[in-house]
Amino acid sequence: MYHLSLYLHFVKLRIRSQMEYRFSFVFDLFSQASIAVIDFFMIALLFNRFKELAGWSLWEVGFLYGMIGVCFAVAEMVGRGFDVFQNSVVRGDFDTILIRPVGTFFQVFSHDFLLRRVGRFSQAFVILLIANSQLTISWSFVKVGYLLVSLVSGTCFFIGLFVIGATSCFWTIQSIEIINIFTNGGVFMGSYPFSIYRHWFRHFFTFIVPLACVNYFPALFLMEKVTSSGVSSFGVHLAPIAGFLFLGITMLFWRWGVLHYQSTGH
Amino acid sequence: MIEVENLSKTFKVYRHRKGFFGSFVNLFSRKHRIVHAVDSVSFSIQRGEVVGYLGPNGAGKSTTIKMLTGILVPTSGGVTVNGYIPHRQRKENAKHIGVVFGQRSHLWFDLPVQESFELLQRIYRIPQVQYNQNVEMFDALLNIGKFFRTPVRQLSLGQRMRADIAAALLHNPEVLFLDEPTIGLDVVAKARIREFIQQINTERQVTVVLTTHDLDDVEKLCKRVILIDKARLCFDGELVALRRLLSTERILSVDYAETYSDISIPKTNITYQEGNRVQYRFSPEEISTADLIGAILQKFKIVDISVQEPDIEELIKTVYEDNLTLEQKFAEADAIDLTNRKSMG
């Protein structure tokens, strides 16, 4: 309860201070949404020529795209503190976090809230809705629940990636750029059905960096494509757990990293 | 209250090769050397003490404070603060200590002071009554009410420092760590902050550990000083003792009314002479200040006279410049002490 009310208080303060720069806020909102629209337009263009991709229609791919977009937008919105964590380390601000009687993970997590990601979120969400209206998914309570869990899990997955990048700062001061390959690259990759990728690649993004588990497999289940894809249906049911597990493991990594913090100066 | 035993911290410092090729090589092989920032330091501090933790730049002052506050994990040795091990029981420790860094604010940059305080109230779960009392008291002493609604980023350095110190005391900590609290402040602001620290110490029995470059801070606030140099502890005791130990010699400046041909006084050395202004160096053990002044007044007419006690900073500097360690100085002082006692006996 203490943490929740503290978190909400932080979010309230952040939102208010971001609203102070109203013009820049609105401008950002629109520019982001329009970039994202162009983004999807490119995919649509591709389908205008090829009609389908590995047995997936445009709106099926649109569904994938919407799912991953929603997850990434929310992750960027709430996980911003980890995304920009290297600044805290460079400035020595992490010292301040360590003198407070609250967990470090929680403090960094609640440090920032990027409201303007609402633009990207709503664009992805709209495409998800349109895709759904074009497809004939037979929704049930189980499926709605499964979708929600998958979205939360996908968000956790991306936050986990931010946490890895942030934790690396304890050794390297600068965040490792390679993480961007997985975050931004992950959004791109997740926008297409995984069956188009090579074998080893699919395995890597299933078992090591579980991107497929929070996006592709859940989409298979929701669109009832499991049997035709040849993926084990047991695995697909369990897949969304991977995002939570991934975040859990990165949290342990974070705890270990904090012990190696060297501060600045002597 | 604070127990430190054989505390050490070493850092690995990587050597960076220069140039484009060098930075490429750095990726694969990084040579490092070990830097001892703090080297088996031991001391203990009782409740209600105000201790000055001094040393030249890079001596390891901040590193020690960071280990006491749970920011850094010690390489070896033991620390307890209020009975907690700071790096293992960081959160518990944090509830009972207040920390102020002179170099940067621990408040929220874009929030008004008041909101920063209210946020701290939530974080430390400070009861409303206590919060109100504290804010009222800090306003009375530090006049923070004047800028209570100003965002922290717009405060002057002096205001920011006052806000920071007040904020660090909102949760009634038993120990207050101040790392360079008066750095960059003007005389008035310094005096105000010193007065406040003194008051907090006497009224609330808050233990204060203070690192500073400003020896005025030390002289005004600390009875006890701990001196570290090159990561090692080299003095721990009363300020008076350190002063006595180092300042065996004093300077007497005289402005004579007339020009005299022979102005030498027995048991003193003339260190400076320009016109009618003369400085004598003397040791109070050989000739007392009163006797010296008496001797001068007997022989000459004077306009002005003053005795300077060398300030600690200079004395510490001479210790370093002479390349003498304080331990040597101690040994010498002990020897003198011994011979004095013998001769007296």
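Predicted model: local features only at pLDDT ≥ 70, side-chain atom pairs only at ≥ 80, totals over all residues.
Q: At what angle do α3 and α8 of chain A pack?
A: Two packed helices are described by the angle between their axes and the distance between the axes. Helix α3 (residues 58-78) and helix α8 (residues 118-134) of chain A have axes 8 Å apart. The angle is about 155°.

Q: Is α3(A) roughly parallel or roughly antiparallel to α8(A)?
A: Angles over 145 degrees count as roughly antiparallel. The packing angle of α3(A) and α8(A) is about 155°. That makes the pair roughly antiparallel.

Q: What is the handedness of the crossing of α3(A) and α8(A), left-handed or right-handed?
A: From α3(A), the contact includes W59(A), F63(A) and M77(A). From α8(A), it includes F121(A), F125(A) and L128(A). The crossing is left-handed.

Q: How many residues of the contact of α3(A) with α8(A) are nonpolar?
A: Among the residues of α3(A) in the contact are V70(A) and V74(A), and among those of α8(A) are I127(A) and A131(A). Five residues of the contact are polar and one is charged. The nonpolar residues number 15.

Q: Which strands of the three-stranded sheet of chain B stand at the edges?
A: The open sheet has the order β2-β1-β4, with antiparallel pairing. The twist averages 30° from one strand to the next. Each edge strand has a single partner, so one side of each is left without a neighbour in the sheet. The edge strands are β2 (32-45) and β4 (76-81) of chain B.

Q: What is the bridge partner of E3(B) in β2(B)?
A: Strand β1 (residues 2-14) of chain B pairs with β2(B) in the antiparallel sense. The pairing runs over 10 bridges. The partner of E3(B) is S44(B).

Q: Which residue in β12(B) stands opposite Q273(B)?
A: Chain B also has an open antiparallel sheet in the order β11-β12-β10-β13. Its edge strands are β11 (268-274) and β13 (302-308) of chain B. Six bridges join β11(B) to β12 (residues 277-282) of chain B. Opposite Q273(B) stands V278(B).

Q: In β13(B), what is the bridge partner of D255(B)?
A: β10(B) pairs with β12(B) over six bridges, and I251(B) has R281(B) as its partner in β12(B). Six bridges also join β10(B) to β13(B), in the antiparallel sense. The partner of D255(B) is D304(B).

Q: Which helix packs on the sheet that contains β13(B)?
A: The helix touches β10 (250-256), β11, β12 and β13 of chain B. Its direction makes about 165° with that of β13(B). The helix is α10 (residues 289-299) of chain B.

Q: What distance separates the centres of the two domains of chain B?
A: Domain 1 of chain B covers 2-243, and domain 2 covers 248-308. The centres are taken over C-alpha atoms. The separation is 44 Å.

Terms used. Residues numbered from 1 in each chain as written. Chains lettered and ligands numbered in written order. Pairing = 2+ DSSP bridges. Helix = DSSP H or I, 4+ residues; strand = E, 2+ residues; numbered from the N terminus. Axes fitted to C-alpha atoms, helices over the stretch in contact; angles between N-to-C directions. Parallel < 35°, antiparallel > 145°, perpendicular 65-115°, else oblique. Left-handed = near helix turned anticlockwise from the far one by under 90°. Contact = placed C-beta atoms within 7 Å. Nonpolar A, V, L, I, M, F, W, Y, C, P; charged D, E, K, R; others polar. Domains from an automatic or database assignment.
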